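Keep the picture open while you read.

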Amino acid sequence: MSNEQLERRWWHNAVVYQIYPRSFNDSNGDGVGDIPGIIEKLDHIKGLGANVIWLSPVYQSPMDDNGYDISDYYEIAPEFGTMDDMDELIKQADARGIKIVMDLVVNHTSDEHPWFKESKKGKDNPKRDWYIWKDPKEDGSEPNNWESFFKPKAWTLDEESGQYYLHLFSNKQPDLNWANPEVREAVYEMMHFWLKKGLGGFRMDVINMIGKPSDFPDASIFDEGVAGWEHWANNMLCHQYLREMNEKVLSHYDVLTVGETPFTNTMDGRFYSDPGRKEISMIFQFEHVSIDREEHNAVRKPFDLLQYKSIMSKWQDDLYQKGWNSVYWSNHDQPRTVSRYGNDGDEYRVISAKMLGTVLHMMSGTPYIYQGEELAMTNKHFNNIEEFNDLMAKFHYQKMMDRGIEPAEAIDFLNHFSRDHARVPVHWDASDNAGFTSGTPWLPVNPNYTEINAAQAVSDQGSVYHHYRKLVELRQGDEYGDVVVYGKHQLLDPEDSKVYAYLRFYDGKTLLVVANFSGEVQSRAYDHQLKKVVLNNYADDISDVRELTLSPYQACIFEIE
Ligand code: TEU
Ligand code: CA
């Protein structure tokens, strides 16, 4: 079966490597990663085969949320470098066949953005309506009961004017008013400025939240997520703004656009990514990373492989020929992949990380590799709340304290889920501070850097880095590229709680992917004739898939008749 209904696009077989600049590589010893530091390491990314870099924000920012609070969209934050450095990065990446995708953070700005400073000046200011200002309720309380991701309430009172402004994130991240056409035009103009530099596209931060219903109704759903989401996530206004953005900006360039979209189902996924709707290339959804916790309430739940398989398969199947997936294990907001889903102990860290990479990279969609995932970097242990940096960790901690949870238990939750795990600097080598900086790193490195680092991984053909490289080669190579990128997907044995197995078909070619998620040996039988073992994270010879003995965390890709 082929997928010819979907017009082929360059980003269909792209592999994205995500860089969180603050934590990637520091070139000048101030302890903060920077753009020249990224340029120094481009060959590491090229060596992996990734051909797109998603660069988390490098714009001017007071860094309340590490750059997701932008105070000037046309300037680079001095700690990250200069506009010349940015131009050089685009050029150097291009010379290696790598496109740069920048983060587009336009649901909100920083409260230190000149637009907001103007807006705050008073009700008559021409920029007042660029943000969302509302009168209090009669009793002086917030205009409605919406919550924020980082604060208890989504509204902050401005004493001077007596009005509240809306912020779905921190009070230093006021939401822009997309209902105002001037705001939209200003955003489009800024997007043209960057795209004209030859960018590969944009990753659009919480883009599914830009539409706010004009009546600002109270939330009535409190059992999941941030109260209010039923009103501001994925509404028709958002789709309308995206189609306008597509017409005025995106349609003029051949770019990859990925919308970050919490609270979405597969039908929403189609609404955003169906090419005929002319919105964006793909979304970045959160269903599968929400299995093991209630994030908003900071409650941990056991990881359930059956649920994981069912969610991933639903996305694979529902978007087939209808839209486009992105697939990922982690990003800068998620814990480390191998610690969360694999086994980060000495014995199985490498094996289980290869298993996880295999399962994900044989799926349809555009895979995202988060910096350090290719080294199987692990979660770091934090001892107390002072050691965390992220504002969300602090917010979750406070929530848990308010619920009467013991500090030790709260720290245990954060040791599983804090966004700081992803933000610990990348381990480049075994020298001081993992070779990340010659100074003092802004967030201390993980002491296990002496064993887990890029120098080791690149020189060891048996490393996770080289396994990922092979997975990328399969996607981009002639032999299996079509089946990996465009093949139809079929989940096998949905009730198998230890082994994840699925098929991919394209034009007479079939792949069988089998992955043991457990630390025990598993025997399984798949009723197919083996043609070739394409990749195996163990060295054993396999001659028959009708009688398979899978070692702990073993993962194989087979071509079958
Ligand atoms: O994240 C949006 C978002 O929904 C996160 O708060 C998410 O719930 C959590 O981080 C996932 O565990 C985006 C950015 O990725 C994040 O870094 C920013 O802090 C946030 O938007 C605000 O811009
Ligand atoms: Ca630096």
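The points below go from the ground rules to strands, cores, the ligand and a few single residues.

1. Ground rules. This is a predicted model, where local features need pLDDT of at least 70, side-chain atom pairs count only at pLDDT 80 or more, and totals for chains, interfaces and linings use all residues. Residues are numbered from 1 along each chain as its sequence is written, chains are lettered from A and ligands numbered from 1 in the order in which they are written, and side-chain values use heavy atoms, with hydrogens and water left out.

2. Start with strand β18, residues 509-516. Helices (H or I, at least four residues) and strands (E, at least two) are DSSP runs, numbered from the N terminus. Seven of the eight residues in β18 are buried; buried means under 20% relative accessible area, exposed over 50%, and partly exposed in between (1.4 Å probe, protein chains only).

3. Who sits beside β18? Strand β17 (residues 499-506) pairs with β18 in the antiparallel sense over eight bridges; two strands pair if DSSP finds at least two bridges between them. Y506 has K509 of β18 as its bridge partner.

4. Now look at β22, residues 555-560, which pairs with β18 in the antiparallel sense over six bridges. Across that pairing, V513 stands opposite I557, and L512 stands opposite F558. β22 also pairs with β20, again antiparallel, over five bridges; there, L530 stands opposite I560.

5. Is β22 enclosed or open? Six of its six residues are buried, so β22 is largely enclosed by the rest of the structure. Both faces are covered: A555, I557 and E559 are buried on one side, and C556, F558 and I560 on the other.

6. Next, the nonpolar cores. In soluble globular proteins, nonpolar side chains tend to be buried together. A nonpolar core here is a set of buried Ala, Val, Leu, Ile, Met, Phe, Trp, Tyr and Cys residues joined through side-chain atoms within 4.5 Å. The largest has 154 residues, and those with the most contacts inside it are M86, I100, M191, W194, F202, M204 and Y500. Helix α5 (residues 181-195) gives the most to this core, with eight residues. There is also a second, separate core of 21 residues, which includes I132, L166, M209 and A233.

7. Leaving out residues up to four places away in sequence, I100 touches I53, L55, M86, L89, I90, A93, L199, G200 and G201. A contact means heavy atoms within 4.5 Å.

8. On to ligand 1. It is surrounded by 20 residues, the closest being D65, D205, E295, H332 and D333; a residue is near a molecule or strand if one of its heavy atoms lies within 4 Å of it. A polar side-chain atom of E295 lies 2.5 Å from an oxygen atom of the ligand. For E260 the corresponding distance is 3.0 Å, and for Q334 it is 3.4 Å. Taken alone, ligand 1 exposes 500 Å², and the protein buries 99% of that. Accessible areas come from the Shrake-Rupley method with a 1.4 Å probe; for residues, only the protein chains shown count as cover.

9. Why does N537 count as buried? Because its relative accessibility is 6%. Its side chain reaches the backbone nitrogen of A555 at 2.7 Å, and a polar atom of that side chain lies 3.1 Å from the backbone oxygen of I351. A polar contact is a pair of N or O atoms within 3.5 Å; within protein, one must be able to donate a hydrogen and the other to accept it, and residues adjacent in sequence count only if both atoms are side-chain atoms. Among the residues N537 touches are K354, H467 and Y553.

10. Most residues other than glycine have a negative phi, and most peptide bonds are trans. M63, though not a glycine, has a positive phi of about 65 degrees; M63 lies in the loop between β3 (59-60) and β4 (72-76). Phi of A298 is also positive, near 55 degrees. A298 is in the loop between β12 (293-294) and β13 (299-300), and is buried at 4% relative accessible area.
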